[in-house]
Amino acid sequence: MNLQNIFFDDIEDSEQWLISVRRELHAHPELDFDLPETTGIICRYLDEIGIPYKTGIGKSGIVADLTGKNSNITIALRADIDALPILENTGCEYSSKNTGKMHACGHDVHTSILLGTAKILADKKEELPCNVRFIFQPAEETTGGAVPMIEDGVLEGVNCIFGLHVDPSTESGKIAVKYGAMNASATDVNIKITGKSCHGAYPSGGVDAVVTAAYVITALQSIVSRNIDSRDSLVLTFGTMQSGTKENIVAQEAFCCGTMRSLSNSVRDKAKKRVNTIVEMVSAAYEAKGEVFYRDSYNALINHNEYVDLVKSNGENILGIDKVKVKELPDMGVEDFAYFLEKIPGAFFNLGVGNREKKITAPLHNDKFNIDESALIIGVKMQIANILSAYEKLNK
C-alpha cells in the first residue's frame with residue numbers, strides 16, 4: 001500500500017467533522033487582524049488534534065508544525081482566515097452571528113480544509129514522510145497578512161508551499177489550475193490636479209482643474225493601447241473624480257482615483273513611469289500642476305509550473321482527467337499568497353464548490369455565497385496528495 005492509500009484509508013469518516021468545523025467558523029466571521037473568535041476556534045481544534053502551534057505570528061496568525069521522518073524537508077500549506085464586511089443573506093442555520101460580517105470569500109472553507117489535513121496527517125503521524133507546516137493567515141482581504149507572517153519567519157526552513165481558493169463557478173468535484181501568472185498585482189493611483197480658481201463667467205482669468213483632469217484621464221488611456229506590449233496585460237481604471245464647489249466657479253483642484261492591475265512587476269513599473277509623465281506634462285500644457293500618488297497593494301501571483309504539474313496530476317488521479325481544468329486566462333483580482341511564492345516555490349489552485357442542482361451558484365463576495373460541502377473532503381485529499389508528491393520531488 002502506497003502512502004496516499006494509507007492516508008486516504010477511512011478519510012471519508014472525517015467528512016462530517018469537516019462540515020461541523022466549517023459551519024462553526026462560518027458562524028463566527030471576523031475582519032482583518034482582529035480575529036479572537038476565529039483564532040480561538042483554530043487553537044481549540046489544534047489542541048484536540050494534538051499539534052503544537054504558535055500564535056501571534058504576523059500579528060494574529062497561527063503556525064502549527066508536524067514532524068515527519070525526514071526532518072530535512074518541510075512542506076507548507078496556507079489558509080487565510082479572515083472574512084468580509086458583508087451582511088449575510090443565505091438563510092443558513094449556521095449563518096453569521098456577527099452582524100455585518102460574513103465568510104463570503106470561502107476562507108472558512110480554506111481553514112477547515114487545513115485543519116482537516118492536519119487531523120488526517122496527525123492521526124497517522126508515524127507514516128508522515130516529512131515535516132508539514134500549517135499556516136493560518138489573517139488579513140488577506142485587507143492590507144495583507146502574508147508579508148508580516150513572512151517577516152516573523154513563517155517560511156524559515158520551508159522547501160515549498162501550496163494554497164487553494166474556492167471557486168463557485170467550478171462545480172464541486174473539480175479543480176482548476178493555472179500555469180504562470182494566476183492573479184494580478186494591484187496599485188491605487190491617486191492624481192491631484194491644481195489649477196487656479198476664478199469666476200466661471202471669465203474662465204480666462206484662471207486655470208480650470210476640471211478641464212485639465214478630463215484631458216489627463218483621456219490621455220492616460222493611451223498607456224494600455226500604445227505603451228504596453230499587446231501580449232502583456234494591464235488594466236487602468238479611474239472610478240472617481242471629485243472637483244469644484246459651485247457651478248459658476250472654475251475649480252482650483254481636481255482629484256482622480258483609480259486602480260492599476262498587471263501580471264508582472266515590470267509592466268506595473270513601466271506603466272507608473274508613463275502615468276507620471278502624462279499627468280505632469282498634460283497638466284503643464286494647461287498651465288496646471290499634476291501630481292501622482294501610488295499605494296501598492298499585492299504583487300502578481302506567479303505559480304511555479306513544476307508544482308502546478310504536481311497539483312494537476314494529483315487532481316487527475318483523485319478526481320479524473322475530465323475533472324481538472326487548465327485555465328488559459330489569469331484572474332485580474334489579487335491574492336497575497338503571491339508573497340509566499342516570491343520567496344519559495346509552490347502552487348495555488350482553485351477548488352470547485354458550486355452546484356447548480358442545489359442552486360449553489362452565488363459568486364464570491366456576495367451576500368448569498370455558499371458552497372457544496374462535499375468539496376471539503378476533496379480539498380483535504382488534494383492537499384495531502386500535494387504534500388506526498390512534493391516530498392517525492394524534493395527527496396530526489
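This is a short tour of one predicted protein model, stop by stop.

**Before you start**

Residues are numbered from 1 along each chain as its sequence is written, and side-chain values use heavy atoms, with hydrogens and water left out. Because the model is predicted, local features need pLDDT of at least 70 and side-chain atom pairs count only at pLDDT 80 or more, while totals for chains, interfaces and linings use all residues.

**Stop 1: the whole chain**

Show the protein chain as a cartoon. It holds 11 helices and 16 strands. Helices (H or I, at least four residues) and strands (E, at least two) are DSSP runs, numbered from the N terminus. The C-alpha atoms fill a box of roughly 85 × 45 × 40 Å, taken along the principal axes. Of the 396 residues, 55% are buried. Buried means under 20% relative accessible area, exposed means over 50%, and partly exposed lies in between (1.4 Å probe, protein chains only).

**Stop 2: strand 16**

Select residues 346-354, which form strand 16. Nine of its nine residues are buried, so strand 16 is largely enclosed by the rest of the structure. Gly346, Phe348, Asn350, Gly352 and Gly354 point one way. Ala347, Phe349, Leu351 and Val353 point the other way.

Two strands pair if DSSP finds at least two bridges between them. Strand 5 pairs with strand 16 in the parallel sense, over eight bridges. Strand 6 runs antiparallel to strand 16, and two bridges join them. Which residues stand opposite Asn350? On strand 16, Asn350 faces His165 and also Ala176.

**Stop 3: the largest pocket**

On a 1 Å grid over the protein atoms alone, a pocket is an open set of points with protein on both sides within 12 Å along at least five of seven lines; a cavity is a set of points where a 1.4 Å probe fits but cannot get out; lining residues have an atom within 4 Å of a point. Grid points are joined across faces, edges and corners, and a volume is the space filled by probe spheres set on the points.

Strand 5 (160-171), strand 6 (175-177), strand 7 (181-183), strand 15 (324-326) and strand 16 each give two or more residues. Strand 5 gives the largest share, six residues. Then colour by type: the lining has 12 charged, 10 nonpolar and nine polar residues. Ala, Val, Leu, Ile, Met, Phe, Trp, Tyr, Cys and Pro count as nonpolar, Asp, Glu, Lys and Arg as charged, and the others, Gly among them, as polar.

**Stop 4: helix 4**

Select residues 107-123. This is helix 4, with 17 residues. From first C-alpha to last it reaches 24 Å, close to the 24 Å expected at 1.5 Å a residue. The expected span is 1.5 Å times one less than the number of residues. Of the 17 residues, 15 are buried, so helix 4 is largely enclosed by the rest of the structure.

**Stop 5: the cavity**

The structure holds one cavity of 30 Å³ or more. The largest cavity has a volume of about 50 Å³. To find it, select Arg78, Ala79, His110, Ile113, Leu114, Leu164 and Gln383, which line it. Helix 4 gives the largest share of this lining, three residues. The lining divides into four nonpolar, two polar and one charged.

**Stop 6: Gly91**

Where is Gly91? Look in the loop between strand 3 and helix 4. Gly91 is exposed, with a relative accessible area of 74%. Now label Lys368. Gly91 and Lys368 are 277 residues apart along the chain, and their C-alpha atoms are separated by 8.4 Å.

**Stop 7: residues 186-282**

UniProt, in an unreviewed entry, places the feature "domain: Peptidase M20 dimerisation" at residues 186-282. UniProt positions are given in the numbering used here, feature names are shortened, and annotations may be inferred rather than shown by experiment. The span is 37% helix and 34% strand, and its end C-alpha atoms lie 25 Å apart.

**Stop 8: strand 12**

Finish at residues 253-262, strand 12, where side chains alternate. Ala254, Cys256, Gly258, Met260 and Ser262 point to one face and are buried. Strand 8 (residues 185-194) pairs with strand 12 in the antiparallel sense over 10 bridges. There, Ile193 stands opposite Ala254. Strand 10 (residues 234-243) also runs antiparallel to strand 12, joined by nine bridges. Met241 has Cys256 as its bridge partner.
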